[in-house]
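This note is written for a colleague who is meeting the structure for the first time. Please read the numbered points beside the model.

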Amino acid sequence: MITVVGIGADGWDGLPAESRRVLEAAEVLMGASRQLGLVPRSGAERVAWPSPLLPALPELMERYADRQVCVLASGDPMFYGIGSTLVRLLGAARVRVLPHLSSLSLACARLGWPVEQVDVVSLVGRPLAALNAAILPGRRVLVLGAGRDAPALVAGLLTGLGYGPSPMTVLSDLGAASESVRTGTAEKWAGATSVLQVIAVECVAGPGAEPFARVPGLPDTAFEHDGQLTKREVRAVSLSRLAPLPGELLWDVGAGAGSIAVEWLRAHPSNAAVAVESRADRVAAIRRNADRLGVPALRVVEGRAPVALEGLPAPDAVFVGGGATAPGMLETCWAALRPGGRLVVNAVTLESESLVAGWYARLGGDLVRLSVQRAAPVGGFTGWRAAMPVTVWSIVREDVS
């Protein structure tokens, strides 16, 4: 059994009696050097985390498996902390967690913000672009910073998105005697702070802001593309058929601009997606789209499907937006789906439409044809210009046969 003890910036003095007893009885004490420095010396062997930590963690746990190990963590170990990592690695039965107040709870208490009404984004070990998806008018966001320059980086991102008027409050060393608070607006922010800080943002959209809602069907202009894009109305219908649920994995095959994968990821922060695209220039555009729209965790695979699909984790949903007629494409996608998984294929050519019709005849599902017309100038008047019709075949895999 490994015990994970949460500790605040106030160190030993702020620990409850149970946490102190566990630390005093430990044979091995693990944690960051800063955390180890917060507790008094005992007979325990002290092990500072190596860098990088995650690759070394399995061997480290195995090395001390026969000893009484206590791991120190900042605040609540299950809130973006080492506790969650150890539970994934060892299983809940082998990990006991004694939490402390999280930085989220402390920050909300200082600000008077209801915890349940706040969005939280951690930039610890994550790219700054992960914040983009949370920036929406009127939202309150708590950002867990990484490094002294984090507030300045957040301020720069907000200003670049047109949210320069947003008030920012930086709460440093929460719970310690050195606790401090700085306030300002994103567009006027300057200077660095403590390495331990929470950045509170009240999102205020300026004149140049372009809010991107979480509802499927973002404007086509939200994406960088060369024309190879599932258009807004068709994208909204396709995503409704894909029906993303929290924690699910999507394959976006023939991804083009990656719009389906990006919107799948925006549906819930626990979702995952793999975009498969054969052209290098489009692969680069997919990555830029993912960053801009706040889902930098999108995995992009450069290669031609179905060969490029080999070795990928089994998906909960597959979208085929291009290349449906490639030999073995639909067979590979169908075979890879988990039970209950959804396959959605968009067809725009006669050949791909004929192929889809054949699969529909054999397996059933839902087959619809979408025709979109947009108002456009016709001389001095306005008329309708039709886009190419798109046939959408969707089906749920009910069994594993």
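1. The model is predicted, so local features need pLDDT of at least 70 and side-chain atom pairs count only at pLDDT 80 or more, while totals for chains, interfaces and linings use all residues. Residues are numbered from 1 along each chain as its sequence is written, and side-chain values use heavy atoms, with hydrogens and water left out.

2. Helix α7 (residues 232–242) packs against helix α8 (residues 259–267) at an angle of about 55 degrees, and their axes lie 11 Å apart. Helices here are DSSP runs of H or I with at least four residues, and strands are runs of E with at least two. Axes are lines fitted to C-alpha atoms, for helices over the stretch in contact, and angles run from 0 to 180 degrees between N-to-C directions.

3. In the contact (heavy atoms within 4.5 Å), Arg235, Ser238, Leu239 and Leu242 of α7 meet Ser259, Ile260, Glu263 and Trp264 of α8.

4. The largest pocket holds about 1,500 Å³ of space. A pocket is an open set of points on a 1 Å grid over the protein atoms alone, where a 1.4 Å probe fits, with protein on both sides within 12 Å along at least five of seven lines; lining residues have an atom within 4 Å of a point. A volume is the space filled by probe spheres set on the points. Among the 45 lining residues, Gln35, Ser74, Tyr80, Gly81 and Val124 are the closest to the centre. Helix α4 gives the most to this lining, with 4 residues.

5. The second largest pocket holds about 760 Å³. Strand β6 supplies the largest share of its lining, 4 residues.
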